[in-house]
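Subject: Structure handover

Hello,

Please find the structure below. My notes on it follow.

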Amino acid sequence: MAWAMSNDNVAVLTTLNGAVLLIGTVQYTKLMQRAYQQAHEVQRQRYAKMAALMDAKRRGEQFAVDDLLELKLRHKLSKLPAVAPMLLASIAWFGICYKLLASQLQMLVWIGTANAGPEPALAEDCFQTTAIAIGVLVAEGYVVSIVQAARSSQRAHRTHRATYTIGERSDLRDAVKAARRPTPAPTPSPPTGSPGPVA
């Protein structure tokens, strides 16, 4: 395929770039805000729990094991994992928007240059940039659905493990493995040589 810049080519790519730039800007801004809000909420809950424990200690109460374990969990959550996917997605969208904007500016320079040549390398680069951006936009919904399903499964798994002991879960697994559908009782066949009807 022979690549070449043209006015029609620039018009189509500009329309597509504008739409993806708008969506991408909204996406990376929204994701960054959500990451900040979630991190702030985790920190707020952690410090509130710490304050409650220290106030109880001042009143002469002993630390409850459950409260200490909850504080330990909140400390782990405050380090990174909860917001890392949103931060990475926000950075990815920012990079895509930056590349699209650079591509758009290159096309505008070409349009404004008198007697500009076909510039096949520029035409190919601009097309590939737009195609990749659209591909990411289409794939995002699919990836988000997979991540949400995985998180839901993890929450259900953690709740199940926290509710039932290892022994109880093991007993249920053994019972499920040993379960068999009961064999139906054989239907009795009619007796042979039965007397005929009485006259």
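At what angle do helix α1 and helix α4 pack, and how far apart are their axes? The angle between α1 (residues 7-58) and α4 (residues 120-163) is about 40°, and their axes are 10 Å apart. Axes here are lines fitted to C-alpha atoms, for helices over the stretch in contact, and angles run from 0 to 180 degrees between N-to-C directions.

Before the rest, the conventions. This is a predicted model, in which local features need pLDDT of at least 70 and side-chain atom pairs count only at pLDDT 80 or more, while totals for chains, interfaces and linings use all residues. Residues are numbered from 1 along each chain as its sequence is written, and side-chain values use heavy atoms, with hydrogens and water left out.

Overall make-up

The protein has 5 helices and 0 strands, in the order α-α-α-α-α from the N terminus. Helices (H or I, at least four residues) and strands (E, at least two) are DSSP runs, numbered from the N terminus. Of the contacts in the protein with a separation of 6 or more, 82% are accounted for by residues 24 or more positions apart; contact means heavy atoms within 4.5 Å. Buried residues make up 19% of the 199 residues, where buried means under 20% relative accessible area, exposed over 50% and partly exposed in between (1.4 Å probe, protein chains only).

Helix packing

α1 and α4 are oblique to each other; angles under 35 degrees count as roughly parallel, over 145 as roughly antiparallel, 65 to 115 as roughly perpendicular and the rest as oblique. Their crossing is left-handed, meaning that the near helix is turned anticlockwise from the far one by less than a right angle (right-handed if clockwise). Residues making the contact include Leu-13, Leu-16 and Val-20 of α1 and Cys-126, Phe-127 and Ile-134 of α4. By class, this contact has 10 nonpolar, 4 polar and 1 charged residues. Ala, Val, Leu, Ile, Met, Phe, Trp, Tyr, Cys and Pro count as nonpolar, Asp, Glu, Lys and Arg as charged, and the others, Gly among them, as polar.

α1 also packs with helix α3 (residues 84-112), at about 155° and with the axes 8 Å apart. This pair is therefore roughly antiparallel. The crossing of α1 and α3 is left-handed, and the residues of their contact divide into 19 nonpolar, 10 polar and 1 charged.

Individual residues

Cys-126 counts as buried at 0% relative accessibility, and Cys-97 counts as buried at 7%. The structure holds 0 disulfides (pairs of cysteine sulfur atoms within 2.5 Å). Thr-129, in helix α4, is buried at 8% relative accessibility. Not counting residues up to four places away in sequence, Thr-129 touches Lys-99, Leu-100 and Ser-103.

Regards
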